[in-house]
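Q: I'm new to this one and would like to learn how to read it. Could you walk me through it?

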Amino acid sequence: MITHIGTTSVYVSDQDKALDFYVGKLGFEKRRDEPMGPDAPRWIEVLPPGAQTALVLFKPTADMPGASTHEEAVAMIGKFTPFIFEVEDMEATHRDLTGRGVEFVDAPTEQFWGWWATIKDPDGNTIGLHA
């Protein structure tokens, strides 16, 4: 029986730079940081405090599913992510993250379905925020 989602990935060009952003600016915790092999990127998992689901900060490679060349792997970076972060208080989150230097692509706006904003990570990956 499936119990929860363990991880989802965000594709990055520089794992150390991404780790600094997600831990240092977003306040996530590092759960794992392990080598995957001599010529492979590291397996790095970060997650909000108390969360079950982690983000894998993954540097795409040509031998991964969905990419058959280096160019295809690199093209996976800098997209709108397939996940959205939930926040308790959008205005407080906006003040806090802006103070930490996080770039907001779309400032918080109240929609009929709740608050919405988007941020960018150092690779240009756009992440939705919802409250």
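Q: Leaving aside its neighbours within four places in sequence, which residues is glycine 27 in contact with?
A: First, some ground rules: this is a predicted model, where local features need pLDDT of at least 70 and side-chain atom pairs count only at pLDDT 80 or more, while totals for chains, interfaces and linings use all residues. Residues are numbered from 1 along each chain as its sequence is written, and side-chain values use heavy atoms, with hydrogens and water left out. Contact means heavy atoms within 4.5 Å. By that rule, glycine 27 touches Tyr22, Pro49 and Arg100. The C-alpha atoms of glycine 27 and arginine 100 are 9.9 Å apart, though 73 residues separate them along the chain.

Q: Is glycine 27 buried, partly exposed or exposed?
A: Buried means under 20% relative accessible area, exposed over 50%, and partly exposed in between (1.4 Å probe, protein chains only). Glycine 27 comes out partly exposed, at 30%. You'll find glycine 27 in the loop between H1 and S2.

Q: In what order do the strands of the sheet run?
A: Strands of a sheet pair through backbone hydrogen bonds, either parallel or antiparallel. Helices (H or I, at least four residues) and strands (E, at least two) are DSSP runs, numbered from the N terminus, and two strands pair if DSSP finds at least two bridges between them. Here the order is S1-S4-S3-S2, in an open sheet with mixed pairing. S1 (7–11) and S2 (29–35) are at the edges with a single partner strand each, so one side of each has no neighbour in the sheet.

Q: How many bridges join S2 and S3?
A: Six, in the antiparallel sense; proline 35, for one, has arginine 42 in S3 as its bridge partner.
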